[in-house]
Amino acid sequence: MKTMMLVILALSSFAVAQVQKYAPKKIALTPNSTFTSREVLETLNWPPNRKYCANVVLTNNASKADYMVEIGSRVNIGISATLFSLSGRVLFRTKSRVYNTSISLYQAVRDVCQAIATPETKPSA
């Protein structure tokens with residue numbers, strides 16, 4: 001009976017870990033982002049990005065987010081994105097892209113989604 005309880009406990013722990021592994025990760029834009037939530041949401045749902053961003057959800061409630069993201073554009077410098085933990089630590093930063101704004105935004109968001117999927121990039125402090 002004791003062995004059965006340990007097996008059940010181990011299986012339930014494994015199941016919880018698997019659910020957490022595939023649970024959507026919520027991102028919120030920082031106030032300094034120069035792109036709107038609508039633009040970022042369209043980019044997350046853009047067909048080529050779906051496979052990279054399938055488990056990433058945009059929220060406008062920063063207190064419910066797993067990560068903060070700042071996506072900005074500056075003239076003659078390009079578009080870049082920075083992924084932050086909730087404590088403000090920089091977890092990932094894309095390289096700036098100067099050409100076509102739409103394509104650059106799609107690539108910046110895809111890079112952020114890939115960073116979120118990387119085990120080394122954790123939302124904790």
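Helices (H or I, at least four residues) and strands (E, at least two) are DSSP runs, numbered from the N terminus. Leu 83 lies in strand 4. The model is predicted: local features need pLDDT of at least 70, side-chain atom pairs count only at pLDDT 80 or more, and totals for chains, interfaces and linings use all residues. Residues are numbered from 1 along each chain as its sequence is written, and side-chain values use heavy atoms, with hydrogens and water left out.

**Strand pairing**

- Two strands pair if DSSP finds at least two bridges between them.
- Strand 1 (residues 25-29) pairs with strand 2 (residues 56-58) in the parallel sense, over three bridges. Ile 27 stands opposite Leu 58 there.
- Strand 1 also pairs with strand 3 (residues 67-74), in the parallel sense and over three bridges. Leu 29 has Val 69 of strand 3 as its bridge partner.
- Strand 3 and strand 4 run antiparallel, joined by seven bridges. Gly 72 faces Ser 80 of strand 4.
- Strand 4 and strand 5 (residues 90-93) run antiparallel, with three bridges. Phe 84 has Val 90 as its bridge partner in strand 5.
- Five residues separate strand 4 and strand 5 in a hairpin, and Gly 88 in the turn has a positive phi of about 100 degrees.

**Burial of strand 4**

- Buried means under 20% relative accessible area, exposed over 50%, and partly exposed in between (1.4 Å probe, protein chains only).
- Seven of the seven residues of strand 4 are buried, so the strand is largely enclosed by the rest of the structure.
- In a regular strand the side chains alternate between the two faces of the sheet.
- In strand 4 both faces are covered: one side has Gly 78, Ser 80, Thr 82 and Phe 84, the other Ile 79, Ala 81 and Leu 83, all buried.
- Leu 83 is buried, with a relative accessible area of 0%. Its C-alpha lies 9.9 Å from that of Asp 111, 28 residues apart in sequence.

**Cavity and pocket**

- On a 1 Å grid over the protein atoms alone, a cavity is a set of points where a 1.4 Å probe fits but cannot get out; a pocket is an open set with protein on both sides within 12 Å along at least five of seven lines; lining residues have an atom within 4 Å of a point.
- Grid points are joined across faces, edges and corners, and a volume is the space filled by probe spheres set on the points.
- The count is one cavity of 30 Å³ or more. The largest cavity holds about 40 Å³.
- Its lining includes Ile 27, Val 69 and Cys 113. Helix 4 (101-117) gives the largest share, three residues.
- The second largest pocket has a volume of about 200 Å³. Of its 14 lining residues, Gly 72, Ser 73, Arg 74, Ser 80 and Arg 93 are the closest to its centre.
- Strand 3 gives the largest share of that pocket's lining, five residues.

**Ring contacts**

- Rings of Phe, Tyr and Trp (its six-membered ring) pair if their centres lie within 6.5 Å; planes under 30 degrees apart count as stacked, over 60 as edge-to-face and the rest as tilted.
- The whole structure has one aromatic pair. Trp 46 and Tyr 106 have ring centres 3.9 Å apart and planes at 10 degrees, so the pair is stacked.
- The two residues are 60 residues apart, with Trp 46 in the loop between helix 2 and helix 3 (47-53) and Tyr 106 in helix 4.
- Trp 46 is partly exposed, at 32% relative accessible area.
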